[in-house]
Amino acid sequence: IRKNGRDVVGAMRVPAVVGETTQITFTAPPTPLAAGDFLELIVRQTSGRPIVVPTAGELRTTFGMIRVG
């Protein structure tokens, strides 16, 4: 997770699981934001093979973020 296009505020690397679905759960620490700040979630897939992103069912892809305060 990158703040304002430059500051890394959270990161995680996960190796692929051979023959199974790779599931990732990641929680970043609270990040103070001021007016005009923005966050980017950057995801890279580097296996060289096509990726299948589930859109329905038990393993569907989800993302969430909350504001505290």
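In this report, two residues are in contact when heavy atoms of theirs lie within 4.5 Å. The model is a predicted one, in which local features need pLDDT of at least 70 and side-chain atom pairs count only at pLDDT 80 or more, while totals for chains, interfaces and linings use all residues. Residues are numbered from 1 along each chain as its sequence is written, and side-chain values use heavy atoms, with hydrogens and water left out.

**Threonine 31**

Apart from neighbours within four places in sequence, threonine 31 is in contact with Lys3, Val9 and Leu39. Threonine 31 sits in the loop between E2 and E3. Helices (H or I, at least four residues) and strands (E, at least two) are DSSP runs, numbered from the N terminus. Threonine 31 has a relative accessible area of 25%, so it is partly exposed. Here buried means under 20% relative accessible area, exposed means over 50%, and partly exposed is in between (1.4 Å probe, protein chains only). A polar atom of the threonine 31 side chain lies 3.3 Å from the backbone oxygen of proline 29. A polar contact is a pair of N or O atoms within 3.5 Å; within protein, one must be able to donate a hydrogen and the other to accept it, and residues adjacent in sequence count only if both atoms are side-chain atoms. Valine 68 is 37 residues from threonine 31 in sequence, and their C-alpha atoms are 9.5 Å apart in space.

**Overall form**

The protein has zero helices and three strands, and along the sequence the pattern reads β-β-β. The radius of gyration is 15 Å, whereas a compact globule of 69 residues would have one near 11 Å. That radius is taken over C-alpha atoms, and the globule rule is 2.2 Å times the number of residues to the power 0.38. Along the principal axes, the C-alpha atoms fill a box of roughly 45 × 25 × 15 Å. Of the 69 residues, 4% count as buried. Among contacts with a separation of 6 or more, 50% come from residues 24 or more positions apart.

**Salt bridges**

A salt bridge is a side-chain nitrogen of Lys or Arg within 4 Å of a carboxyl oxygen of Asp or Glu. By this rule the count is three.

| Salt bridge | N to O distance |
|---|---|
| Glutamate 40 and arginine 2 | 3.1 Å |
| Aspartate 37 and lysine 3 | 3.9 Å |
| Arginine 6 and aspartate 7 | 4.0 Å |

The side chains of glutamate 40 and arginine 2 meet in one of these bridges. This pair links distant parts of the chain, with glutamate 40 in strand E3 and arginine 2 in strand E1 (residues 2–3), 38 residues apart. Glutamate 40 is partly exposed at 26% relative accessibility, and arginine 2 is partly exposed with a relative accessible area of 26%.

Aspartate 37 forms a salt bridge with lysine 3. This pair also links distant parts of the chain: aspartate 37 is in the loop between E2 and E3, lysine 3 is in strand E1, and they are 34 residues apart. Lysine 3 counts as buried because its relative accessibility is 16%, whereas aspartate 37 is partly exposed at 26%.

In the bridge of arginine 6 with aspartate 7, arginine 6 is exposed at 58% and aspartate 7 is partly exposed at 36%.

**Surface**

Met12, Val14, Ile24 and Phe26 make a nonpolar surface patch of about 350 Å². Isoleucine 24 lies in the loop between strand E2 (7–8) and strand E3 (39–40), and counts as exposed at 52% relative accessibility. Patches are made of residues with over 30% relative accessible area and no salt bridge; like charges are joined within 9 Å, and nonpolar side chains (Val, Leu, Ile, Met, Phe, Trp, Tyr) within 5 Å.

Methods: Accessible areas come from the Shrake-Rupley method with a 1.4 Å probe; for residues, only the protein chains shown count as cover.
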